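Here's a quick briefing to read with the model open beside you. Take a look at the chain before going on.

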Amino acid sequence: RLAPSVLVPVLGQRFAGAEPVIQTMAVFALVQAVGVGLGRLLLSADRQTANAAFVAAGAILSVILNVLLVPRYGVNGAIYAGAAAYAAIDVLCIGALRQPLTGAALRRMLVSLGASLAVGGALAALLSLRGFSAWPQAIASVAGFIVIGAVAYRYRHGGLDGWRNRR
């Protein structure tokens, strides 16, 4: 619902009618953003070779899916192919992170990310339903994402008392 209210005012009249493509691209962007974060975690865990292999596998899958989907679905087929390839990379990265991270640590991290995304998305949807414009939706989404992330960080690290006791 955000795309129609923002697309033309921000990008111009030549983008009128592109809302369905932009909305479909939002799913792709979310899956890609998760993949980028997981890739950084793999690098931090000294698993860069696995990350490179997963990206290569995702690229091959993307080409195959593009060949299969684009002739039938056009630009949406390309978006679906890219999103599916990134989703496959995400799944492989999560599997590879199970070794360097314990199951509990990985689960906490993914729950924190999921909660942050859910709160940010819910705030944007609520404001959209209430008739707010795109900017308040975006600001509320980012604020919700940051607050949930900060709460998760504080919970994980014991808050200020835990920090003071470590010195």
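Predicted model: local features only at pLDDT ≥ 70, side-chain atom pairs only at ≥ 80, totals over all residues.

**The chain overall**
- The count comes to 7 helices and 0 strands.
- Of the 167 residues in the chain, buried ones make up 24%.
- The accessible surface is about 10,800 Å², and carbon and sulfur atoms account for 69% of that.
- Take the contacts between residues at least 6 apart in sequence: 56% of them join residues at least 24 apart.

**Helix H2**
- H2 covers residues 19–44, which gives it 26 residues.
- From its first C-alpha to its last, H2 reaches 37 Å, close to the 38 Å expected at 1.5 Å a residue.
- Which residues of H2 are buried? They are Glu19, Thr24, Phe28, Val31, Gly35, Leu38, Gly39 and Leu42.
- After H2 comes Asp46, and its phi is positive, near 60°.

**Ile22**
- Ile22 sits in H2.
- Is Ile22 buried, partly exposed or exposed? Its relative accessible area is 34%, so Ile22 counts as partly exposed, since that class lies between the 20% and 50% cut-offs.
- Ile22 and Leu7 are 15 residues apart along the chain, and their C-alpha atoms are separated by 8.5 Å.

Definitions and conventions:
Residues numbered from 1 in each chain as written. Heavy atoms only, no water. Helix = DSSP H or I, 4+ residues; strand = E, 2+ residues; numbered from the N terminus. Buried < 20%, exposed > 50% of the residue type's maximum accessible area, 1.4 Å probe, protein only. Contact = heavy atoms within 4.5 Å. Areas by Shrake-Rupley, 256 points an atom, 1.4 Å probe, with all protein chains shown as cover. Expected span 1.5 Å × (residues − 1).
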